[in-house]
Amino acid sequence: MLIFLQSSGVHTGILKVQFEIIVIITESIISLCRKGFPPLGSSPQYTSDKGFGCMLRTGQMLLAEALKQIHLGREWRWTKETRDEKYLKIVNKFEDNKLAVFGIHQIAVMGQDSGKKISDWYSPCIISQVLK
């Protein structure tokens, strides 16, 4: 954390850091565990990733942020009115459907190709390999 050590600037420095953290969180592509999406794989029982999807979603978020920075740059800013075509293309790659390139359905299929069952927990190493 950056804190300016000027007698009158310490409070301002802390507020600036807090604001920057809020901006980073607000602009991050966040992927959380969900329920009610089309079944994963051939089993109708997996319409939620509760209990096993945390690393899958973490991998999605890391990849989404990397793609965002590569294609839009570090200075790009999201707003509620954002309709940037590049941004929307990135976000659409992570939808919860079978056609989304980096959606949970594709990750589950790629995981099965790596010997993981749909409900298995993925280690950071495994999710990195699956998304590679």
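Predicted model: local features only at pLDDT ≥ 70, side-chain atom pairs only at ≥ 80, totals over all residues.

Colleague: What volume does the largest pocket have?

Modeller: The largest pocket has a volume of about 350 Å³. On a 1 Å grid over the protein atoms alone, a pocket is an open set of points where a 1.4 Å probe fits, with protein on both sides within 12 Å along at least five of seven lines, and a lining residue has an atom within 4 Å of a point. The grid points are joined across faces, edges and corners, and the volume is the space filled by probe spheres set on them.

Colleague: Which residues are closest to its centre?

Modeller: There are 14 residues lining the largest pocket, and those closest to its centre are Ile24, Glu27, Gln69, Arg74 and Arg77. The elements that give two or more residues to this lining are helix 1 (10-27) and helix 2 (54-72), and the largest share, 5 residues, comes from helix 1. Helices here are DSSP runs (H or I, at least four residues), numbered from the N terminus.

Colleague: And how many of the lining residues fall in each class?

Modeller: The lining of the largest pocket has 4 nonpolar, 3 polar and 7 charged residues. For this count Ala, Val, Leu, Ile, Met, Phe, Trp, Tyr, Cys and Pro are nonpolar, Asp, Glu, Lys and Arg are charged, and the others, Gly among them, are polar.

Colleague: Back to Glu27, is it buried or exposed?

Modeller: Glu27, which lies in helix 1, is buried, with a relative accessible area of 10%. Buried means under 20% relative accessible area, exposed means over 50%, and partly exposed is in between, using a 1.4 Å probe and protein chains only. Leaving aside neighbours within four places in sequence, Glu27 is in contact (heavy atoms within 4.5 Å) with Glu65, Lys68, Trp76, Arg77 and Trp78.

Colleague: New topic: which residues of the largest nonpolar core touch the most other members?

Modeller: Of the 23 residues in that core, they are Leu40, Leu56, Ile107, Tyr122 and Ile127. The elements giving two or more residues to this core are helix 2, helix 3, helix 4 and helix 5, and helix 2 provides the largest share, 5 residues. A nonpolar core is a set of buried Ala, Val, Leu, Ile, Met, Phe, Trp, Tyr and Cys residues joined through side-chain atoms within 4.5 Å.

Colleague: Which residues of helix 5 are buried?

Modeller: In helix 5 (residues 124-131), Ile127, Val130 and Leu131 are buried. Seen down the axis of helix 5, the buried residues fall within an arc of 90°, so they line one face of the helix, where the arc is that of the directions from the helix axis to the C-beta atoms. Helix 2 and helix 4 (104-113) are among what covers these buried residues.

Colleague: What does Ile127 contact?

Modeller: Leaving aside its neighbours within four places in sequence, Ile127 is in contact with Met55, Leu56, Gly59, Ile107 and Tyr122.

Colleague: Where is Cys54, and what does Cys54 touch?

Modeller: Cys54 lies in helix 2 and counts as partly exposed at 40% relative accessibility. Not counting residues up to four places away in sequence, Cys54 touches Cys33 and Trp121.

Colleague: Last one: where is Lys117 found?

Modeller: Lys117 is found in the loop between helix 4 and helix 5, and at 59% relative accessibility Lys117 counts as exposed.

Technical notes
Residues numbered from 1 in each chain as written. Heavy atoms only, no water.
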